[in-house]
Amino acid sequence: FKLYSKNSPNAGMVEFQEKLKLQHENSMHTELEKLLTTAKPSEAEISRKDFEGFKKLFHRFLQEKGPSIDWAKIQRPPKDSIQPYEKIKLKGLPADVASSLNKLAVVKLNGGLGTSMGCKGPKSLISVRNENTFLDLTVQQIEHLNKSYNADVPLVLMNSFNTDEDTKKILQKYTHHHVKIHTFNQSRYPRINKESLLPVATNMGLTGENEEAWYPPGHGDIYTSFFNSGLLDKLIAEGKEYIFVSNIDNLGATVDLHILNHLMNQPSDKRCEFVMEVTDKTRADVKGGTLTQYDGKLRLLEIAQVPKAHVDEFKSVTKFKIFNTNNLWISLPAIKRLHVKNAMDMEIIVNPKTLEGGLNVIQLETAVGAAMKSFDNVLGINVPRSRFLPVKTTSDLLLVMSNLYSMNAGSLTMSPKREFPTTPHVKLGSSFTKVRDFLKRFESIPDMLELDHLTVSGDVTFGKQVTLKGTVIIIANHGDRIDIPAGAILENKIVSGNLRILDH
């Protein structure tokens, strides 16, 4: 920092910038007040609370310049700050698992739509296995836990304004299941015009010209919206001490009794307030957030925070060996304490978007794991890869629908018939992007027990009972089509050109 005397020309510049920030902030507040006058009476209170949170974020956004990280201060985490899962498992389980389970609630992040997979509505309602959706599998898992241990673990869904209505309609089908289901809504924040730094919304509506004017501000919003909903206090009053938070599309994120037992069996003054499950990086995970030691605290470092000159170093598998699975175990009383003190510190993620009409906007977001540095006695646990099984694309969907996994009570486990524990690398081309098109191209899901790598590109279809082994690459050039015949066994094969099977 250079210090300038009042008379130096730069002092005037600094003063001008401060005035400009204040102007932007005042204009934003004026616009937000105008928007609130158009809210339905039933929604005005919620919208006002949302806007209070947004104002804090916008204020911080105006104050911050450039990456918030000083790369030179980043250190590897101390040895004992990340424990191997095996060590935690060695402790075994107590006779009374139910008493620990009764202090737990499961929170699933359910704000996302299925658009990237060509589906309308909430992503959690896409069928992933034997007609079961992400939500079905989650309910089955928790119901199985509750029945097996005679426990009462509730499921809490954090919805967004994009998913709330459709999710609530579907929840009726679980009324006779052995699991209490609660929902609360993420905040709804206004997208900001990149040039004017003002909201693009003209009123509080979600349709017509305002359809693209709003966004849910990332999963870091869980702390505020959970508190505002009243559900946090309700769960604390019911004797719940921890929440297990994960993305609803991570099929590996089941309640782990060993981690729960570890949390419950610590001296009360050394109680872990925040546990992040991490797992070993592979080449496929180079963009995942990692854990570092910074200013004496364990904290999450995301790729968006890394100065450009150091991005390759961040991606290296040798320096940063683990990444965040976003499976988190967090103390409820600690969330309340930090929220009340306004001491939850999360970096702002500035996410640029272009709306359909070509308008450039920004949305300000935060990530749930970034608050880690605000909690006391935090811990990373290096878990097996099986606890990270996200379904982000139809390539992932092919894996979880296949015989690589067997399903029991909503949980997927790698088939014992697979000789090596790693999942195959699958890359399906653009003809497979949408779930509907993907399903049409497979008469049945191939046998993939011995597959290492699959690449498919172009107009390709698969007949019934195809077996894929080793490395298989199938490329149909533009204008060509390849039909893999029923019963075909492809082992270490490259198929290209044109292969049509016609009925006669």
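This is a predicted model: local features need pLDDT of at least 70, side-chain atom pairs count only at pLDDT 80 or more; totals for chains, interfaces and linings use all residues.

Trainee: How many salt bridges does the count come to?

Mentor: The count comes to 26 salt bridges. In one of them, the side chains of R385 and D285 meet at 2.7 Å, N to O. The two residues are 100 residues apart, so this pair links distant parts of the chain. R385 sits in the loop between β17 and α12, and D285 in the loop between β11 and β12.

Trainee: Which residues are linked in a network with E347 and K373?

Mentor: R299 and D345 join E347 and K373 in a network of salt bridges. The side chains of E347 and K373 themselves meet at 2.7 Å, N to O, and both residues are buried.

Trainee: Which residues form the positive surface patch?

Mentor: K120, K434, R436 and K440 form that patch. K434 lies in the loop between β20 and α13 and is partly exposed, at 39% relative accessible area.

Trainee: In what sense do β21 and β23 pair?

Mentor: In general, side chains in a regular strand alternate between the two faces of the sheet. Here, β21 and β23 pair in the parallel sense over eight bridges, with L454 partnered by V472 of β23. β23 also pairs with β25 in the parallel sense, over seven bridges; there, K469 has E491 of β25 as its bridge partner.

Methods:
Residues are numbered from 1 along each chain as its sequence is written. Side-chain values use heavy atoms; hydrogens and water are left out. Patches are made of residues with over 30% relative accessible area and no salt bridge: like charges are joined within 9 Å, nonpolar side chains (Val, Leu, Ile, Met, Phe, Trp, Tyr) within 5 Å. Accessible areas come from the Shrake-Rupley method with a 1.4 Å probe; for residues, only the protein chains shown count as cover. A salt bridge is a side-chain nitrogen of Lys or Arg within 4 Å of a carboxyl oxygen of Asp or Glu. Lys and Arg count as positive and Asp and Glu as negative; His and the chain ends are not counted. The place of a charge is taken as NZ of Lys, CZ of Arg, CG of Asp or CD of Glu. Helices (H or I, at least four residues) and strands (E, at least two) are DSSP runs, numbered from the N terminus. Buried means under 20% relative accessible area, exposed over 50%, partly exposed in between (1.4 Å probe, protein chains only). Two strands pair if DSSP finds at least two bridges between them.
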